[in-house]
Amino acid sequence: MANDTFGIPVGRIPVMGVTPVVEGGRFPAKAAVGETFEVSATVFREGHDQLGCDVVLTDPGGAERPPVRMRPLEDTVNGYAADVTVDEPGAWGFAISTWSDPLATWSHDAGIKIRAGVDTELMFTEGVLLLERLEKQVPKTARRTVKDTVKALKDTRRPVEVRLAAAEDPALLRLFHEHPLRDLASSDGPYPLYVDRRRALFSSWYEFFPRSEGAHTDPTLGAPVSGTFATAAERIPAVAAMGFDVLYLPPIHPIGEVNRKGPNNTPSTAEAPAHPDWVGSPWAIGSEAGGHDAVHPALGTLADFDAFVARAEEHGLEVALDFALQATPDHPWVTEHPEWFTTRADGTIAYAENPPKKYQDIYPINFDNDPAGIYAESLRVVRHWVSHGVRIFRVDNPHTKPLHFWQWLLGEVRRTDPDVLFLSEAFTRPPMMQALAKVGFHQSYSYFTWRTTKEEIESYLQEVSHDTGHFLRPNFFVNTPDILHAFLQHGGPPAFRIRAVLAATGSSNWGVYSGFELHEGVALKPGSEEYLDSEKYQLRPRDWAAAEQEGRSLAPLLTRLNEIRRAHPALQQLRDLTVHRSDDPHIVVFSKHAPGDTVIVVLNLDPYGAHETMAHLDLPALGLEPGSQLTVRDELSGNTWQWGEHNYVRLDPGDEVAHVFAVRSAP
């Protein structure tokens, strides 16, 4: 009997509190190819009879996969769970299959009653009847075990204890578990589940501005000269060598001339127009040279972009492109579709504002004015870049556009190109951030940047891995062109190492904006998170070779972290994290686990001083018995230790900020 997921009826064996379910099944829960995740539910029935339950997956082709038995959850009332794995992309479903288990009920009651001398022969007789039913459904190789037990239960010449021992033989009990009699069978579900390609779950992003790579000053004119796709491509091997697999580019489109911004967000006015050397913000999209489907002439041609994408692919990198739905005053859309924007009472088009911030060089789109036209054009732009090899988009400020639009757009793209991924850049209130993930965004920027204390980090790791991990995949960016946290401004190189280790191990998706490896940390002014001489408004060429030769680059650590991530399946999962306890308020301890692989991270959060403490491991959470000993190897230093439940640790940020332990053995 299948139940109506959204109706009143419940099954004969009730099922409640199913996870992972998003908004009662209104939106699909998320998973990725090869991901193992937990399905749980509260399952119970009237009376005292035993029950059983399975998770049954239905793949995109409509075929039911073999059921996975659910196990009782400790420290819960009627809680059951099972770990399941999905192996192909597409729309899946899962259901909870339940039944009354007369064999388990009889086994439980017989052990109590027969030992107490209550209804002894009646219990043996009932057992025989059940075993005769069992014999018909077990494999032929197991039928002898059942027959021998029936014979023992019927043989009144044998002592009662011997007959009961036959009924409690471990081999027989295994048959009870593997081939249960399923009375009163019912099913709850199906619940929707969408499985994306692996990179939605596990990715390492690197962001750079193509115009800064190869940028220089014209020796004749003294004017800045932009880098091109060709010069930017020269940076690709170094990015790939650090182990990154996604190369994210800010907008590459023509930049508006009207109200163009200068260095450090300097506005242009009628009295002080833009200087000829000002290059403007890439997010101020559109000019006479074209709009969202064009490339900036200074970067090259569309063919040059295609060559850049091809070279990235040769080095194992996917190019992610910024998708920013906004326009400059001189964008072709403003002339061709003025109705797409908001006109103020004085007849002018409203520019973007986030008081006290003003973006005079950008017009936001009003999605309630001609939604059909705006929706169609947005989809056209996405498909244009998909046709040029872009399979990942980082979406700028999606929280300022209607959810309805994103659900439609992402659904349309998924219908024709299900491998295309979207990263939501929405630093806003949790309901909107979570809703964007629910309607289809594959990854999401997060509050990671602002979580710096031990209490904040422990709470946030718990939230993103367990509370929201079934629908929101966080991408832990250590920095962005917009965000230079005070922790990096004041903590020196140790602060950069701390945040890199935490991001790379705390989330299966993480990202770095170029300049981080050079410890760039000077803010525009005290209290600001804006960079001084921000790359958003000017060219920022960097001497990468000199930094590495002089030992000033963090690239070796970033490389090692990505190597560790690729070597350990535990770090490629999101929902497998456990926070452990330490006695020091500056040292955080957490572990990640996948079948056959466990990683323990111990991190000093204080960039200014050494700390020593006892780290207390929750051994059962690691699949170990209390009192177990384990060998751990630090994947950063190569040192090996013997650890147990309580362990001394000392971390000095001047030497090492963290241990990333691989559990080698657990006697």
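**Close-up views of a predicted model**

**View 1. Lining of the largest cavity.** Pro-430, Met-433, Gln-434, Ser-446, Tyr-447, Tyr-460, Glu-463, Val-464, Thr-468 and Leu-472 line the largest cavity. Helix H12 (430–438) and helix H13 (454–467) are the elements that give two or more residues to this lining. By class, the lining holds 6 nonpolar, 3 polar and 1 charged residues. The volume of the largest cavity is about 90 Å³. Across the whole structure, the search finds 5 cavities of 30 Å³ or more. A cavity is a set of points, on a 1 Å grid over the protein atoms alone, where a 1.4 Å probe fits but cannot get out; lining residues have an atom within 4 Å of a point. Volume is the space filled by probe spheres set on the points.

The model is predicted: local features need pLDDT of at least 70, side-chain atom pairs count only at pLDDT 80 or more, and totals for chains, interfaces and linings use all residues. Residues are numbered from 1 along each chain as its sequence is written, and side-chain values use heavy atoms, without hydrogens and water.

**View 2. The mixed sheet of 5 strands.** This open sheet runs in the order E2-E9-E8-E4-E5, with mixed pairing. Strand E2 (29–32) and strand E5 (68–69) are at the edges; each has a single partner strand, so one side of each is left without a neighbour in the sheet. Strands E8 (residues 90–100) and E9 (residues 183–196) pair in the antiparallel sense over 9 bridges. Ala-91 stands opposite Tyr-194 in E9. Strands are DSSP runs (E, at least two residues), as helices are (H or I, at least four), numbered from the N terminus. Two strands pair if DSSP finds at least two bridges between them.

**View 3. The antiparallel sheet of 4 strands.** Here the open sheet has the order E1-E3-E7-E6, and its pairing is antiparallel. Strand E1 (15–19) and strand E6 (71–72) take the edges, each with a single partner strand, so one side of each lacks a neighbour in the sheet. Strand E3 (residues 36–43) and strand E7 (residues 79–85) run antiparallel, joined by 7 bridges. Thr-36 has Thr-85 in E7 as its bridge partner.

**View 4. Nonpolar cores.** The largest core has 146 residues; Leu-193, Phe-308, Phe-393, Trp-406 and Trp-510 touch the most other members. Helix H15 (residues 492–506) gives the largest share, 8 residues. Another core, of 21 residues, lies apart and includes Trp-106, Phe-124, Leu-131 and Val-138. A nonpolar core joins buried Ala, Val, Leu, Ile, Met, Phe, Trp, Tyr and Cys residues through side-chain atoms within 4.5 Å. Buried means under 20% relative accessible area (1.4 Å probe, protein chains only).

Definitions and conventions
Buried < 20%, exposed > 50% of the residue type's maximum accessible area, 1.4 Å probe, protein only. 1 Å grid on protein atoms, 1.4 Å probe; cavity = no way out; pocket = protein on both sides within 12 Å on 5 of 7 lines; lining within 4 Å. Nonpolar A, V, L, I, M, F, W, Y, C, P; charged D, E, K, R; others polar.
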